Amino acid sequence: MKKGNGLRLVALYGGALLTAVFVLAPFVWLFISSVASNADLLSRPLHWWPQHATLQRYLTILTTTDMNSAAYTFRIALWNSLRLAAGATVLSLAVGVPAAYALARIGVRWGRVATFFFLATYMLPPIALIVALYIILGSLHLRDTVSGLVLVYTSFIAPYVIWIMRGYFLSIPTEIEEAAFVDGCSRFDTFWRIALPLSLPGLVTTVIFAVLMAWDEFFYAMILTSSLAAKTIPVAIAEFSGQHMVDYGLVAAGGVLAALPPVLIALLLQRYIIQGLVAGAVKG
Amino acid sequence: MSSTQKRWSGRREELILALVFLAPALLVTFGVIFIPLAEQFWTSFHRYTLTIPGRPFVGLQNYLSALSDPTFWQAMGRTFYFTLVSTGLELILGLLMALLLNQRFRGQGVLRALILIPWALPTIVNGMMWRWIYNADYGALNALLTQLGLISHYHDWLGSPWMAMNMVIVADVWKMTPLVALLLLANLQTIPGELYEAASIDGAGAIGRFVYVTLPWLRPGLLVSLVLRTIEAFKVFDIIFIMTRGGPANGTQTIAYYTYTQAFSSLQFGRGAALAYLTAMFIVLLSLVYFRLIREDVYS
Amino acid sequence: MKRIMLGLAVVLVIALAAGCGSGQTAKNQTTGPITLQFLTMKQAAYSDEHVNAMIQKFMEQNPGIKVQVTFVPYESLHDKIVTDQASGSGQYDVVLVDEIWPAEFAAANFIQDVTNRITPQMQSGINPAVLNIMKVGDKYYGVPWILDTKFLYYNKKMLAEAGFKDPPKTWDELLNMAKVIKQKKIVEYPIVWSWGQAEAVVCDYAQLVYSFGGNILGPDGSPQFQTDGAMDALKWMVGTLKDGLSNPNSTTYLEEDVRQIFQQGKAAFALNWTYMYGLANDPKQSQVAGDVGIAPTPAAKESIGVSGSMGLAITKSTKYPDAAWKLIEFLTSEENQKPYASDSLPIWTDALNAPDLNASPELVSVAKEQFASMRGRPEFVPWYSQFSTDLQVALQNALLRKESPEDAMKPLVDQVKQLASGQK
């Protein structure tokens, strides 16, 4: 019995270590690449631990005023992505949460059917929409603007908001709302004063997922933006790691900076993420 | 529940409020998606090739010629391969990871947090990172395997079609396995402990408990992971674009990438629209099968 | 946790408010006299900095015209123009067009016929072979701006070490030198190419086909890539990989990878565009600075330079065709091109002999020879882009030795027939 237990422990900690290495190694290497000198990066045999480490690339990205440099593009693109993620999140919640509430209270059958229709839009490949979207944004004078992308992103984030939040609203016991009615609250008051505060954890989860979705999107941003006015960080990284991936270290530094906001959000707010995933997995 | 329902649907002002609540979402999602969708649908029945004047109605010809084109089926085949292998690996590794994280051990909390990193990493950064790791001349993978004595020469990991496809899959699996693991972990925690005890009393060993208790209870989690990953994998574009651009020798050209080149390199927008619809149809078909499975699960 | 959430909320709100602010100002700015939108390419030929300097000068000379420049990488340029013009409400007025696109863009009605605007000076001063890259049928659809061709680069030190004084004149000579260099273990793979699945592989292929006396497509668009010279060239390419003389990773490389390998001293020979001359000689980023030799590309039957030039065109959607033409005239003028000749050599024949030309004399003398023999890819057919995509795959199948050169090229014949008849 004791021997078996020992084996089990070895397997457990071995597995945990293996998982940790599997998960961390590539990202750690990206970080090392971003601080190692070019001589270290191009060395053979490779120096795993850089002989000359430098934070210069980060400094350049954050401070350069040379508007023609990749570093400058990265900084502006990071800022654009931040604005875009914030805008898309706020708009998606503003349109998605009331809709979710309506779909949660409209009757189970209709609510489910309608939610399915919203979610079905997720199955379409973006390529099916892109040319027509380009035309629509052009006619609204929103091409190559952050506002235009906010609108497009909302179209695929809002269904997700509806899906998650409807689940939350359904889990609120109706007795509580009944009581509010008896006290003379209108339906809107009930939503605003009762249902919304009660579903706060769900809202937090939804915000996190919305931010991450907006931050990650690439295809629409690639086609619908062209200048620094709206270029997002994935687009900037794709451009500089395409044909002209020469300064590997700088692209790695850009990558680390681009990864930082979503990774930090995920690490700091992991409790809410897991709650959101539970809602997704269990309530389907 | 039923009384609330009546209230909402029964009174007139309630109905109006419901519409007011729904209208903005309908406007945005269907305004941005439905109009382009209808437009594309119409386009898919026309010969709309920008380099050839005119835009005649051709009926189903775009669909038929796509379906009879070997390039289409090759791209489809690669997409199925990508979907099957990546989703399969993600489910297996994700399950193992979830079972591990469901155990009690020191550092369990930290590890649960760490596995969020790959998932949170933007897809484009992920693709760029792996391309750098695979780099034929300076890549970390080459360095590692050479220094371990496993290979004698630096190898071009994205250099041959078959190898490139598998290496792209590795990058995708690395990023998406944690998501599956978290979904399954959440699901694992809903299994009542008594069931395991009961199974043990009935004489089931570890494997028996896994097969008769864990797996059946994990069905919803597995199905949701399967649906999500299949849809995403079938639409795969970003990671191909950043890592290989469909090459070498079209070895990583998936259906989404093929559609993209048809529309944008060849300016055949009618054909591109038809291809996009064919892809969507495949996805909807797969999803319907999956949803049927989930439904049965919910009612049984 | 609450604090974090609060902090996050504050950041969100600030970021959002900032988004609104900048959107407003951008709109107000456009109410000037005339604003031209100019779409060009970054990081190749003229540097971003130099393009901005040119535009600044143009705006000083033309106070009524404002120019907004958008730089995109080469790989996005085609798709950006297509999306923009296909939408029917394009935002760009002047666009940079690769020489392989005018036939396609003219057929799609994306760019304007400027035949009547071409000045007599342009007709006489620009090498006709260069001016013609923007010609479709008997009409001009723009003016060349970036003149480029591929050269043979070689590492002088490595050649000397192997006992050679002069660069190779023929492809056979090049192979012999490469063999010696490999045997003496000076470098493992002496030759490096940009044979990745992209236009780059077609450029090298076209160059070799022409120099082996072959042709890719006939003037009527009929397939000729299966005939002797073209097949010889392809077999030669495959052979260099088989013999280990070409870097096996060439099949994933693009031009920048070639430069990287060459700069690192990992190749003795490379084919690349003009821009590599300056960069490979820059000690700040190159380990072979000072050892870089440049020569006309070798010959099999003859030495041919493949043309890789680009021109400026006016879009169909512009509201200001006259202002757009003014910008094109300014950018392509001899006075504007001479000071930046180290980025890209001028299109004007005289300028190459001018004493105040800002470029290395070694480069200019080789360039004069190579420009004289320059030839384009079969870009005269409007379906070139699609053909090139198919050709790249066929070439890669042969180069990766998935199929024999004959088998690899076979399906292309049918594809060409379908393309020519508009069925595909």
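Q: What should I know before reading the numbers?

A: This is a predicted model: local features need pLDDT of at least 70, side-chain atom pairs count only at pLDDT 80 or more, and totals for chains, interfaces and linings use all residues. Residues are numbered from 1 along each chain as its sequence is written, while chains are lettered from A and ligands numbered from 1 in the order in which they are written.

Q: Which domains does the assignment give for chain C?

A: Domain bounds come from an automatic or database domain assignment. Here domain 1 is 32–148 + 308–375, and domain 2 is 151–306 + 383–420. Their C-alpha centres lie 27 Å apart.

Q: How many residues of domain 1 of chain C are in contact with domain 2 of chain C?

A: Contact means C-beta atoms, placed from the backbone, within 7 Å. By that rule, 20 residues of domain 1 of chain C meet 17 of domain 2 of chain C.

Q: Which element gives the most to that side of domain 1 of chain C?

A: Helices (H or I, at least four residues) and strands (E, at least two) are DSSP runs, numbered from the N terminus. Helix H4 (102–107), helix H15 (361–372) and strand E13 (374–375) of chain C each give two or more residues. H15(C) gives the most, with six.

Q: How do chains C and B touch?

A: 24 residues of chain C are in contact with 21 of chain B. On the chain C side, helix H3 (74–86), H4 and helix H16 (384–399) each give two or more residues. H16(C) gives the most, with six.

Technical notes: Contact = placed C-beta atoms within 7 Å.
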